[in-house]
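Subject: Structure handover

Hi,

Here is the structure I promised to pass on.

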Amino acid sequence: MADAGVPLHVLRKIAGHGSLTTTQRYLHPDRRSIELAGEVLSAHLSGPREAPGPEVVPPESPGRHLRLVR
């Protein structure tokens, strides 16, 4: 049910556990979830090495005191 998207707090009630920690002990990822996590990590690691810095929008102009930084 967890792999199907049933929220953890609902699984806790269904299982009759007193705490979420107990329910979490019984959750184990399926093989496909592990493969997907590996693919996401690989894509992240093979991406650009440096994240772009903040960008001032619009570019600075004389006389402006406020600016938006994304």
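Below is what I found, starting with the whole chain and then going residue by residue.

**Overall**

Keep in mind that this is a predicted model. The protein has three helices and two strands. Read from the N terminus, the order is α-α-α-β-β. The protein has 70 residues, and 4% of them count as buried.

**His17**

Start with the loop between α1 (8-15) and α2 (20-25), where His17 is found. Is His17 buried or exposed? His17 has 19% relative accessibility, so it counts as buried; the cut-off for buried is under 20%. Its side chain makes a polar contact with the side chain of Thr23, at 2.8 Å. Leaving out residues up to four places away in sequence, His17 touches Arg12, Thr22, Thr23 and Tyr26.

**The salt bridges in and around Arg32**

How many salt bridges does the structure hold? There are two. One joins Glu35 and Arg32, with the closest N and O atoms 3.2 Å apart. These two residues are three apart in helix α3 (residues 31-45), so about one helical turn separates them. The other is between the side chains of Glu39 and Arg32, at 3.6 Å from N to O. Arg32 takes part in both. Together, Arg32, Glu35 and Glu39 are linked in a network of salt bridges.

How accessible are the three? Glu35 is partly exposed, with a relative accessible area of 38%. Arg32 is partly exposed as well, at 42%. Glu39 counts as partly exposed at 46% relative accessibility.

**A nonpolar patch**

Last, look at the surface. Which residues form a nonpolar patch there? They are Met1, Val10 and Ile14. Together they have about 290 Å² of accessible area. Met1 lies in the segment before α1. Met1 is exposed, because its relative accessible area is 58% and the cut-off for exposed is over 50%.

Over to you.

Best wishes

Notes
Residues numbered from 1 in each chain as written. Predicted model: local features only at pLDDT ≥ 70, side-chain atom pairs only at ≥ 80, totals over all residues. Heavy atoms only, no water. Helix = DSSP H or I, 4+ residues; strand = E, 2+ residues; numbered from the N terminus. Buried < 20%, exposed > 50% of the residue type's maximum accessible area, 1.4 Å probe, protein only. Polar contact = N/O pair within 3.5 Å; in protein donor to acceptor, adjacent residues only side chain to side chain. Contact = heavy atoms within 4.5 Å. Patch = residues over 30% accessible without salt bridge, like charges linked within 9 Å, V, L, I, M, F, W, Y side chains within 5 Å. Areas by Shrake-Rupley, 256 points an atom, 1.4 Å probe, with all protein chains shown as cover. Salt bridge = Lys/Arg side-chain N within 4 Å of Asp/Glu carboxyl O.
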